[in-house]
Amino acid sequence: MQRRNLITIKNDIMFIVEFENGTSLYWLIGGNIGDPPRTLIRKNAKQYKTESEAKAALTRAIKRNPSRQLEGRGKVVPV
């Protein structure tokens, strides 16, 4: 049986979820503190391996926090 060498290409592009609140920006972080958990410091934002994971997090944040009126204010950003 012949073994093939598989080359794994590492995806260096990560994604974060960004929200705009008037003139300020904030980003989602991991954890359960907050509604949704967020930070004002971009480097502390939770990084997602794929764009689809980040989009799912954005959707969850909007659905779980209807009183925050997040609809249309969030987006997925590559880092």
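1. Lys 46 counts as partly exposed, at 36% relative accessibility. The term covers the range between buried, under 20% relative accessible area, and exposed, over 50% (1.4 Å probe, protein chains only). Lys 46 sits in the loop between strand 3 and helix 1. Helices (H or I, at least four residues) and strands (E, at least two) are DSSP runs, numbered from the N terminus. Not counting residues up to four places away in sequence, Lys 46 touches Phe 15, Ile 16, Leu 28, Ile 29 and Gly 30. Contact here means heavy atoms within 4.5 Å. The C-alpha atoms of Lys 46 and Trp 27 are separated by 7.9 Å, with the two residues 19 apart along the chain.

2. A word on the basis. This is a predicted model: local features need pLDDT of at least 70, side-chain atom pairs count only at pLDDT 80 or more, and totals for chains, interfaces and linings use all residues. Residues are numbered from 1 along each chain as its sequence is written, and side-chain values use heavy atoms, with hydrogens and water left out.

3. Four strands form an open sheet in the order 3-2-1-4, with antiparallel pairing. Strand 3 (38-39) and strand 4 stand at the edges, each with a single partner strand, so one side of each is left without a neighbour in the sheet. Two strands pair if DSSP finds at least two bridges between them. Strand 1 is joined to strand 2 by four bridges and to strand 4 by five bridges. Both pairings are antiparallel.

4. The hairpin. Strand 1 and strand 2 form a hairpin with two residues between them. Gly 22, in the turn, has a positive phi of about 70 degrees. Within this pairing, Phe 19 has Tyr 26 of strand 2 as its bridge partner. Glu 20 has Leu 25 of strand 2. Strand 1 is mostly covered, with five of its seven residues buried.

5. Salt bridges. How many does a search of the whole structure find? There are two salt bridges. The criterion is a side-chain nitrogen of Lys or Arg within 4 Å of a carboxyl oxygen of Asp or Glu. Side chains of opposite charge can pair when their charged atoms come close.

6. The pair between strands. Lys 75 forms a salt bridge with Glu 18, and the closest N and O atoms are 3.8 Å apart. The pair links distant parts of the chain: Lys 75 is in strand 4 (residues 74-78) and Glu 18 is in strand 1 (residues 15-21), 57 residues apart. Lys 75 is also the bridge partner of Glu 18 in strand 4. Glu 18 is buried, with a relative accessible area of 11%. Lys 75 is partly exposed, at 46%.

7. The pair within the helix. Glu 51 and Lys 55 meet through their side chains in a salt bridge (3.8 Å, N to O). Both lie in helix 1 (residues 51-64), four residues apart, about one turn of the helix. An α-helix has 3.6 residues a turn, so residues three or four places apart point the same way. Glu 51 is partly exposed at 38% relative accessibility. Lys 55 is partly exposed too, with a relative accessible area of 45%.

8. Helix 1, length and faces. Its 14 residues should span 20 Å at 1.5 Å a residue, and the end C-alpha atoms are 20 Å apart, which agrees. The expected span is 1.5 Å times one less than the number of residues. Ala 54, Ala 57, Leu 58, Ala 61 and Ile 62 are buried. Seen down the axis of helix 1, the buried residues fall within an arc of 135 degrees, so they line one face of the helix. That arc is taken from the directions from the helix axis to the C-beta atoms. On the other side, Ser 52, Lys 63 and Arg 64 are exposed. The cover over the buried residues includes strand 1, strand 2 (24-28) and strand 4.

9. The core. A nonpolar core is a set of buried Ala, Val, Leu, Ile, Met, Phe, Trp, Tyr and Cys residues joined through side-chain atoms within 4.5 Å. Of the 13 residues in the largest one, Val 17, Phe 19, Leu 28, Tyr 48, Ala 54 and Leu 58 touch the most other members. Helix 1 gives the most to this core, with five residues. Leaving aside neighbours within four places in sequence, the contacts of Val 17 include Leu 28, Tyr 48, Ala 54, Leu 58 and Lys 75.
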